[in-house]
Amino acid sequence: VVSKGADQQAISTRFEARDNISIIRNYGILLIELVSSVPDGIVTFFTSYQYMEKTIAHWDEMGIIRQLLAHKLIFIETKDVVETSIAYDNYKRACNI
């Protein structure tokens with residue numbers, strides 16, 4: 001269980017804290033640390049598409065997406081079943097599954 005981010009600020013998945021930029025940044029930094037050491041793929045879950053889109057936008061502004069892409073390809077699930085199937089197939093190919 002991770003209770004603090006790299007900056008020692010408490011992190012939380014509580015709904016009330018979901019817009020906290022420090023928490024969003026700390027989850028991104030945690031993900032960077034994971035992708036730099038875990039072989040193959042990592043799946044990250046979000047509580048909703050809206051929260052995922054908002055978080056990805058913040059991570060892009062913070063340069064976190066660029067750092068993630070230095071280690072892994074990123075495949076994003078959408079509400080479209082066909083697009084998601086294609087993303088899943090590409091993810092499996094990238095991980096040699």
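Predicted model: local features only at pLDDT ≥ 70, side-chain atom pairs only at ≥ 80, totals over all residues.
What pattern does the protein follow when read along the sequence? The answer is α-α-α-α.

## The overall picture

The protein has four helices and zero strands. Its radius of gyration is 14 Å, close to the 13 Å that the globule rule gives for 97 residues, so the protein is as compact as a globular protein of that length. If you turn the model along its principal axes, the C-alpha trace spans about 35 × 30 × 25 Å.

How much of the protein is buried? Buried residues account for 28% of the 97 residues. The accessible surface comes to about 6900 Å², and carbon and sulfur atoms hold 56% of that surface.

Taking the contacts between residues at least 6 apart in sequence, 47% join residues at least 24 apart.

## The nonpolar core

Now look inside. Which residues make up the largest nonpolar core? There are nine in all: I24, L31, I32, V35, Y51, W59, I64, I65 and L68. Helices α1 (21–35), α2 (49–62) and α3 (64–69) each supply at least two residues of this core. The largest share, four residues, comes from α1.

I24 is a handy place to begin exploring this core, as I24 is one of its members. Leaving out residues up to four places away in sequence, I24 touches R18, D19, Y51, T55, H58, W59 and M62. Two of the residues on that list, Y51 and W59, also belong to the core.

R25 is in helix α1, and R25 is partly exposed, with a relative accessible area of 31%. Setting aside neighbours within four places in sequence, R25 is in contact with D7, M62 and I64. M62 is also on the list of residues touched by I24, while I64 is part of the nonpolar core.

L34 is another residue of helix α1. L34 is partly exposed as well, at a relative accessible area of 38%.

Is Y88 buried or partly exposed? Y88 counts as partly exposed, at 49% relative accessibility.

| Pair | Separation in sequence | C-alpha to C-alpha distance |
|---|---|---|
| R25 and D7 | 18 residues | 9.7 Å |
| L34 and L68 | 34 residues | 9.6 Å |
| Y88 and I32 | 56 residues | 21 Å |

In these pairs, L68 and I32 are names you have met already, as both are members of the nonpolar core.

Most residues other than glycine have a negative phi. Two residues here are worth checking with that in mind.

Q8 is not a glycine, yet Q8 has a positive phi of about 65°. You will find Q8 in the segment before α1. Is Q8 buried or exposed? Q8 is exposed, with a relative accessible area of 54%.

D40 is not a glycine either, and D40 has a positive phi of about 60°. Where does D40 lie? Its place is the loop between α1 and α2. D40 is partly exposed, with a relative accessible area of 49%.

Definitions and conventions: Residues numbered from 1 in each chain as written. Heavy atoms only, no water. Rg over C-alpha atoms; globule rule 2.2 N^0.38 Å. Buried < 20%, exposed > 50% of the residue type's maximum accessible area, 1.4 Å probe, protein only. Contact = heavy atoms within 4.5 Å. Areas by Shrake-Rupley, 256 points an atom, 1.4 Å probe, with all protein chains shown as cover. Core = buried A, V, L, I, M, F, W, Y, C linked by side-chain atoms within 4.5 Å.
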